[in-house]
Amino acid sequence: MKMNHNFSNIAQSYLFSTIAKKVADYTAANPDKKVIRLGIGDVTLPLPQAAIDAMHAAVEEQGKSASFRGYGPEQGYDFLKESIQAYYATRNTSLELDEIFVSDGAKSDVGNILDLFDQDNVVLVPDPVYPVYVDTNVMAGRKIVYMNANESNGFLPLPDPAVKADIIYLCSPNNPTGAAYDRAGLKAWVDYALANDAVILYDAAYECFVSEDLPRSIYEIEGAKGCAIEFCSFSKTAGFTGTRCGYTIVPLQLEREGMNLNKMWLRRQTTKFNGVAYIVQRGAAAVFTEEGIRQVQQNLDYYRENARILAEAMDELGIWYTGGKNSPYIWLKCPNGMESWEFFDYLLENANVVGTPGAGFGENGKNFFRLTAFGDRDNTIEAVARIKKLLS
Ligand code: PLP
């Protein structure tokens, strides 16, 4: 028996367990204090009614032999793929139905896509980063090269021609930094990938938060279909974090070493995946109906207003930050040169507010701190008042 010893090389992540323990210890010692949590990146508003109604109807269909559905197409039902195709068309991006693969969420696909690539590839990952990109590659024994995201590049690194990468991870709007690339930035990456025969794995899980004139899909950039795979999700758009549905776009024209990545992904999915539940796909399709769009916008506006409230407080305090505008995340520079865990303790003990220390996302996060807009409005307002009182 030979085991995959690469698992021994995965850094243990104690981030959220350490946060939970610190908060539990603090509340046990201070039961009279009301702690406000603006740390975890999960949504809090319930699913849009249109999705609930569609799922109820689908449950009924599954209970009648005339409408019962067993195994569906592994890559998703046409009714959902057509809705996704129409959603992209509203932004002048045309997709073939065969380029759309429905899945149980972006996290699985971001990890599973690595089946397509040899172990011997150089992987370029920003620091700080959503840890899944790093851990999935370490599990497969791949070499990772980091690119610095920092204050001087606004946490939006651009390609370094001296670095030769094969697989490039980009996430925009970004988790954890909330920073979002403009067209020129993404164009630089597309040009680099085409010149280096590389493939960009583009995580668009937060595209629905883009409100300024910034790209929401990498395919808005000319040439991207020749070098990029895009991952998207209903999690943050429509509150599907617990319901589970996402989709991945693999362009039909994307080829490397004479192999077609779309055909490979189709083969991979039909071999290892049996599709997303029919009921869930009906719920996801309802997100694109007139009612669904309206309800989703209401929820997004709620989170956007929370983000605006948090960002305004940072402006008033003169604290440097990214995000807040096209993202549910505010990534702030810890005041007075504090390190992120030091600031975590300071904020917990003196304002009873919980955020996420940037050190948990990489070396370049060690003086930064993430707050999320996914909380309740009243709690966000109260947290801001406490932070302002503490730091002004
Ligand atoms: N990608 C990023 C950058 C995320 O932050 C998250 C979740 O927080 C995901 C992907 C996971 O999305 P899903 O719920 O669709 O698996």
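What is the volume of the second largest cavity? In this predicted model, the second largest cavity has a volume of about 40 Å³. The legends below begin with this cavity and then turn to other parts of the structure.

**View 1. The second largest cavity and its lining.** The residues that line this cavity are L45, P46, K236, T237, A238, G239, N299, L300 and Y303. Helices α7 and α10 (290-317) each contribute at least two residues to the lining of the second largest cavity. Sorted by class, the lining of the second largest cavity consists of five nonpolar residues, three polar residues and one charged residue.

**View 2. The largest cavity, with a volume of about 70 Å³.** The structure contains two cavities of 30 Å³ or more. The largest cavity is lined by 13 residues, of which P126, F155, P157, N174 and Y181 are the closest to its centre. Strand β5 gives the most to the lining of the largest cavity, namely three residues. In terms of class, the lining of the largest cavity has 11 nonpolar residues, two polar residues and no charged residues.

**View 3. The largest pocket, with a volume of about 770 Å³.** The lining of the largest pocket comprises 30 residues, and the closest to the centre are K107, Y130, V132, N175 and K236. Four helices, α1 (15-29), α4 (106-112), α5 (131-139) and α7 (235-238), each supply at least two residues of the lining of the largest pocket. Among the contributors, α5 gives the most to the lining of the largest pocket, with five residues. The lining of the largest pocket divides into 14 nonpolar, nine polar and seven charged residues.

**View 4. Helix α5 and the elements that cover its buried residues.** Which residues of α5 are buried? They are V132, Y133, V134, T136, N137 and V138. The cover over the buried residues of α5 includes helix α4 together with strands β3 (122-127), β4 (143-148), β5 (167-171) and β6 (199-203). After α5 comes G141, which has a positive phi, near 80°.

**View 5. The contact of helix α11 with helix α12.** Two packed helices are described by the angle between their axes and the distance between the axes. The axes of α11 (residues 340-351) and α12 (residues 377-391) come within 10 Å and cross at roughly 105°. Angles of 65 to 115 degrees count as roughly perpendicular, and α11 and α12 are therefore roughly perpendicular to each other. On the α11 side, the contact is made by F343, Y346, L347, N350 and A351, while R386, I387, L390 and L391 take part from α12. The contact of α11 with α12 has seven nonpolar residues, one polar residue and one charged residue.

View 6. Is T356 buried or exposed? Residue T356 has a relative accessible area of 0% and is therefore buried, given that buried means under 20%. Leaving aside residues up to four places away in sequence, T356 touches L15, F16, I19, G39, I40, F361, F369 and R370. The view also relates T356 to P176: the two residues are 180 residues apart in sequence and 9.3 Å apart in space, C-alpha to C-alpha.

How values were computed
Residues are numbered from 1 along each chain as its sequence is written. This is a predicted model: local features need pLDDT of at least 70, side-chain atom pairs count only at pLDDT 80 or more; totals for chains, interfaces and linings use all residues. Side-chain values use heavy atoms; hydrogens and water are left out. On a 1 Å grid over the protein atoms alone, a cavity is a set of points where a 1.4 Å probe fits but cannot get out, and a pocket is an open set with protein on both sides within 12 Å along at least five of seven lines; lining residues have an atom within 4 Å of a point. Grid points are joined across faces, edges and corners, and a volume is the space filled by probe spheres set on the points. Ala, Val, Leu, Ile, Met, Phe, Trp, Tyr, Cys and Pro count as nonpolar, Asp, Glu, Lys and Arg as charged, and the others, Gly among them, as polar. Axes are lines fitted to C-alpha atoms, for helices over the stretch in contact, and angles run from 0 to 180 degrees between N-to-C directions. Angles under 35 degrees count as roughly parallel, over 145 as roughly antiparallel, 65 to 115 as roughly perpendicular and the rest as oblique. Contact means heavy atoms within 4.5 Å. Buried means under 20% relative accessible area, exposed over 50%, partly exposed in between (1.4 Å probe, protein chains only).
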